[in-house]
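Hi,

Here is the structure I said I'd pass on. Have a look, and my notes on the inside of it follow below.

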Amino acid sequence: MNLSLYFKKFFNNSQASGIILIFCVLISLVIANSSLAGSFQNFLDKEVGTHLFDLNYPVSIWINDGLMAIFFLLVGLEIKRELVEGELSSFKNASLPIFAAVGGMLVPAIIYSIFNSGTEYSNGWGIPMATDIAFSLAIISMLGKKIPNSIKIFLAALAIVDDLGAILVIAIFYTDQIHWSYLLLSFGVTALLFILNFLKVTKTIFYIIPGLFLWYFLHHSGIHATIAGVLLAFSIPTNASNVEISPLEKLEHQLHIPVSFLIMPIFALTNTNITFSSEMVAGVTSTLGLGIICGLVLGKLIGINLFSLIAIKLKLSSLPQNSNWTQMIGVGLLAGIGFTMSIFIALLSFKGEVIIQDEAKFAILIASFIAAILGFTILSVSSKENMEPEED
């Protein structure tokens, strides 16, 4: 095979990005538990940038708040396209991820609180509410065309709503101070972006530049800056035609490879460097560990499917096209991959409590691993069941 064709096939393979992501997780864990751990952490803590306009941050912040905003931009573009011309274009389909996300946040928080109400861990109720959108989408992408595209879109929309909910929880309950002047400036830039859309401005650069300011203002407001990517995505013009390529579709195409094969692997490499300790293992059987594991694995599964069932029975929503409840169970489990967002909330929940933070990290890691394995397995089995009638 021609080398250029081989690389083109590789980069267009959705499974390849998932495999690379998992490989980066393993490398990160090895580094974190080797003699390189200190040097690697020093690199992540190294401040880069300029003090001009207060843009001097550690490498880890540039990755988690900067590069991941681009990831959220791509996912937001995909969601908007589906809302306009695809799987989410009907109200019944579009509403289901919202109902599912609400259930996927409430039930895990309730389960965690049952375990930890009145204890020193009670403030961590927000930990199992979060879904790590990058890792959950990476796992489901490894299934390729074995499952309907509607299920992938459902998980992506669910994860975005879930992450927006987590960001609101962080802003309201875990943020020491909101800088309202920057938040108001963020609202102003957002309004400008949608005015540009209304005026039918099609040059992408006229959206990207205000988008950079939106990221800056949100970051300084105290709210997680990755939401800027979603807001920017929803302002980019598109159309309901499959013939004319819109600015949204052009940008989506341009971002696919750098996000899948550069940004997400960097994110995985720098966010899974967890150094194991005896305190972590001991914390798994504590009410903290049980609350996190049961919240992420069982809470997400029950909450997402229960609220989805209620919405469908009330005829407010419908199942994703060509999907079934077995696949919904698989998605409910994959949404239990809390990982980096859950770890972030754990650090905010137990500031200064290093041992508790370590216990929470290990419980999140175990829960995310269980959710990933079970979710992937169930979706794989469901795809084989769906293929059997076609072979007859």
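To start with a term: a cavity here is a set of points, on a 1 Å grid over the protein atoms alone, where a 1.4 Å probe fits but cannot get out, and lining residues have an atom within 4 Å of a point. Grid points are joined across faces, edges and corners, and a volume is the space filled by probe spheres set on the points.

Before going on, the model is predicted: local features need pLDDT of at least 70 and side-chain atom pairs count only at pLDDT 80 or more, while totals for chains, interfaces and linings use all residues. Residues are numbered from 1 along each chain as its sequence is written, and side-chain values use heavy atoms, with hydrogens and water left out.

The largest cavity has about 60 Å³ of space. Its lining includes Glu87, Asn93, Phe154 and Gln321. By class, that lining has six nonpolar, four polar and one charged residues (nonpolar covers Ala, Val, Leu, Ile, Met, Phe, Trp, Tyr, Cys and Pro; charged is Asp, Glu, Lys and Arg; the others, Gly among them, are polar). Helix H5 gives the largest share, three residues (helices are DSSP runs of H or I, at least four residues, numbered from the N terminus).

Now the packing. A nonpolar core is a set of buried Ala, Val, Leu, Ile, Met, Phe, Trp, Tyr and Cys residues joined through side-chain atoms within 4.5 Å, and buried means under 20% relative accessible area, exposed over 50%, partly exposed in between, with a 1.4 Å probe and protein chains only. The largest core has 108 residues, and Phe71, Ile140, Leu158 and Ile292 touch the most other members. Helix H7 (residues 149-174) gives the most to this core, with 15 residues.

Finally, the rings. There are twelve aromatic pairs (Phe, Tyr and Trp rings, the six-membered one for Trp, with centres within 6.5 Å; planes under 30 degrees apart are stacked, over 60 edge-to-face, the rest tilted). Trp62 and Trp215 are stacked, 6.0 Å centre to centre with 15° between the planes. That pair links helix H4 to helix H9, 153 residues apart. Trp62 is partly exposed at 28%, whereas Trp215 is buried at 12%. Tyr182 and Phe217 have ring centres 6.4 Å apart and planes at 35°, so they are tilted.

Cheers

Notes
Helix = DSSP H or I, 4+ residues; strand = E, 2+ residues; numbered from the N terminus. 1 Å grid on protein atoms, 1.4 Å probe; cavity = no way out; pocket = protein on both sides within 12 Å on 5 of 7 lines; lining within 4 Å.
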